[in-house]
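Please read it with the sequence and the model side by side.

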Amino acid sequence: MTNDSLQTEAQLNADFQARIDAEEKIEPRDWMPQKYRQNLIRQISQHAHSEVIGMQPEGNWITRAPTLHRKAVLLAKVQDECGHGLYLYSAAETLGISREELIQALHSGAAKYASIFNYPSLTWADIGAIGWLVDGAAIVNQVSLQRTSYGPYARGMVRICKEESFHQRQGYHIMMTLMQGSAAQREMAQDAVNRFWWPSLMMFGPHDAESAHSAQSMTWKIKRQSNDELRQKFVDQTVEQAEVIGISLPDPDLKWNEERGHYDFGEIDWKEFNRVINGSGPCNRQRLEHHISAHEEGAWVRDAIAAHEAKKQQRANRAA
Amino acid sequence: MDNDLTQATADYAVRLGDDALILGHRLSEWCSRGPFMEEDLALTNVALDYIGRARMFLGYAAQLRGGECTEDTLAYQRDCREFTNLLINELPRGDFAFTMVRQYLLDEHSLLFLDQLGRSSDSELAAIAGKAIKESRYHQRRSREWMLRLGDGTEESQRRLQNALDDLWGYTPELFLMDELETALYELGIAVDRAALQAPWQAAVHSVFSETAVTVPSGGWEVVGGRTGYHTEHLGHLLSDLQFVQRAYPGCQW
Ligand SMILES: [Fe+2]
Ligand SMILES: [Fe+2]
Ligand SMILES: [Fe+2]
């Protein structure tokens, strides 16, 4: 690079940061640092893939939902998640990458999705626990992201957050109903919380000091609150909800800290966290296989549409 | 309504509810397995409409039957022989062509059927039909478009479409079959005369497929039995899935 272009680059970066600091939203046509773009593509696509892969553990119970009302609610909920995936892929596409490329990155393992979905949904209570805890944690994160610096991402979050609170409530309502039910139902509910509590806390990612992308993301205001802040917020709100329905959270260190004005809680098992992210969760391979096989089985349908559109075009040309 | 008539109307509503429930179940199996996301969303949406329809019909039947009967006891506590859905609804989802051909054939049928049911002297059935037909209009626009796309598309899509149509065809005569119950209710202005729907249905289906490369089968086989609980082997498996939780933990609230 010449001296001139270096200076221009520095100036562009400075102007960019000034806009961020002034809380301006960055839009697709605006100049942005290459790293900002890459960072966003990574985060938005990971978010999109999470919505889509998250359809699997919940989809696993649609045909088995115990009442028609619960079935309809769960169907609508999983359908929302698919819609969220679509908004987010569209937001990522504004950064110059195609949905097909994003899906390829998911299939190759280059792109990640929320590790929580590598845990299995084993009983009906898991659907309650996922709605209550997993959507609950997702909302805390997404509410914060409504203020993210990239316009299309922020607007996508606003739309998504409107739908999310219903997700959390339906899950909590399932848990509440189970806790008011038979001994076997209460046991089922407690077991689900025992399995999903810690993975839900892991959803916020590593401690701030350990987080690979955090500092830069905060400067660029892609992230607005740190992993640990968001995790604390989630713990504080969830402990109270658990008390209301009489379910216990599997952490002996969980207690109110008057001085901090927050609940203290135990240390996450980071070995487990890394193990699951790196492929040894109960369902990592299954989740990916499922997505790949649906994508491959759908190839002939997508080809048929393309062929039909091409033929239609030809016929129109001939007629003209 | 006298008691016999009330029970007959309830049985009729159960039939219509079973049709919707079982088809909705098959459609819901596509969730997270669609050929692309927009279609995944659309299939789930149609499934949701059918589950909603099932709840309206079964809820009404439960109300007529009275006692402990609810939409859920009807859906979750009957065995294979007591289910009265038409067989076409219970066939496994197959590939995307099979699902969409079934949907198209049923959508054309629903438009005709619900239009008539909307005129039923039973105001509750008429109201359900009035709501459902709006959904079916939208379903039919979509499934018809899929017939045209797949029937034009590629050699593979044409082949799959033809296979699906051939495999489904023998289950369509049952859509137009009247029995004692439905004939009696028809004469009272409550039920639809299914037999009268066959000619306009054939015309609609032939007209759409004539725009494609596939041939409408000329008949030669027909399987019936759904209304008398004489099902395919597939239904039992579907029920073991649908009813698992309630069967494993009887007598609970969910
Ligand atoms: Fe979502
Ligand atoms: Fe959600
Ligand atoms: Fe919907």
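Donors here are N, O and S atoms within 2.8 Å of the metal (3.2 Å for Na, K and Ca); water is not among the atoms, so sites may look incomplete. This is a predicted model, in which local features need pLDDT of at least 70 and side-chain atom pairs count only at pLDDT 80 or more, while totals for chains, interfaces and linings use all residues. Residues are numbered from 1 along each chain as its sequence is written, chains are lettered from A and ligands numbered from 1 in the order in which they are written, and side-chain values use heavy atoms, with hydrogens and water left out.

**Iron site**

- E81(A) coordinates both the iron ion (ligand 2) and the iron ion (ligand 1), which are 3.3 Å apart.
- Helix 7 of chain A holds both E164(A) and H167(A), three residues apart, about one turn of the helix. Helices (H or I, at least four residues) and strands (E, at least two) are DSSP runs, numbered from the N terminus.
- E164(A) is buried at 1% relative accessible area, and H167(A) is buried at 0%. Buried means under 20% relative accessible area, exposed over 50%, and partly exposed in between (1.4 Å probe, protein chains only).

**Two buried positions in chain A**

- H107(A) sits in helix 5 (residues 99-108) of chain A. The residue is buried, with a relative accessible area of 16%.
- Beyond neighbours within four places in sequence, H107(A) is in contact with L288(A), H291(A), I292(A) and H295(A). Contact means heavy atoms within 4.5 Å.
- I44(A) belongs to helix 2 (residues 34-53) of chain A and is buried, with a relative accessible area of 0%.
- Again leaving aside neighbours within four places in sequence, I44(A) is in contact with L88(A), A91(A), A92(A), L95(A), Y150(A) and Y153(A).
- From I44(A) to L6(A) the separation is 38 residues in sequence and 29 Å in space, C-alpha to C-alpha.

**Interface of chain A and chain B**

- Chain A brings 45 residues to the contact and chain B brings 49 residues.
- The size of an interface is often given as the accessible area lost when the parts come together. Between chain A and chain B the buried area is about 4,100 Å², with 68% from carbon and sulfur atoms. Buried area is the accessible area (1.4 Å probe) that two parts lose on being put together, summed over both.
- There are 17 residue pairs in polar contact between chain A and chain B (both at pLDDT 80 or more). A polar contact is a pair of N or O atoms within 3.5 Å; within protein, one must be able to donate a hydrogen and the other to accept it, and residues adjacent in sequence count only if both atoms are side-chain atoms.
- On the side of chain A that touches chain B, at least two residues each come from helix 3 (55-59), helix 4 (68-93), helix 7 (151-179), helix 8 (183-202), helix 12 (284-297) and helix 13 (299-319) of chain A. Helix 4 of chain A gives the most, with 14 residues.

**Salt bridges between the chains**

- Three salt bridges cross the interface of chain A and chain B. A salt bridge is a side-chain nitrogen of Lys or Arg within 4 Å of a carboxyl oxygen of Asp or Glu.
- D152(B) pairs with R315(A) in a salt bridge at 3.0 Å, N to O. The pair runs from helix 5 (residues 123-152) of chain B to helix 13 of chain A.
- D152(B) is buried at 11% relative accessible area, whereas R315(A) is partly exposed at 38%.
- K311(A) also forms a salt bridge with D152(B), with the closest N and O atoms 3.9 Å apart.

**Salt bridges within chain B**

- D19(B) and R227(B) form a salt bridge, with the closest N and O atoms 3.1 Å apart. D19(B) is in helix 1 (residues 3-28) of chain B and R227(B) in the loop between helix 8 (198-209) and helix 9 (234-242) of chain B, so the pair ties together parts 208 residues apart in sequence.
- D19(B) is buried at 12% relative accessibility, and R227(B) is buried at 13%.
- E182(B) forms a salt bridge with R227(B) too, the closest N and O atoms being 3.5 Å apart. E182(B) is buried, with a relative accessible area of 1%.
- Shared partners join R15(B), D19(B), D179(B), E182(B), R194(B) and R227(B) into one network of salt bridges.
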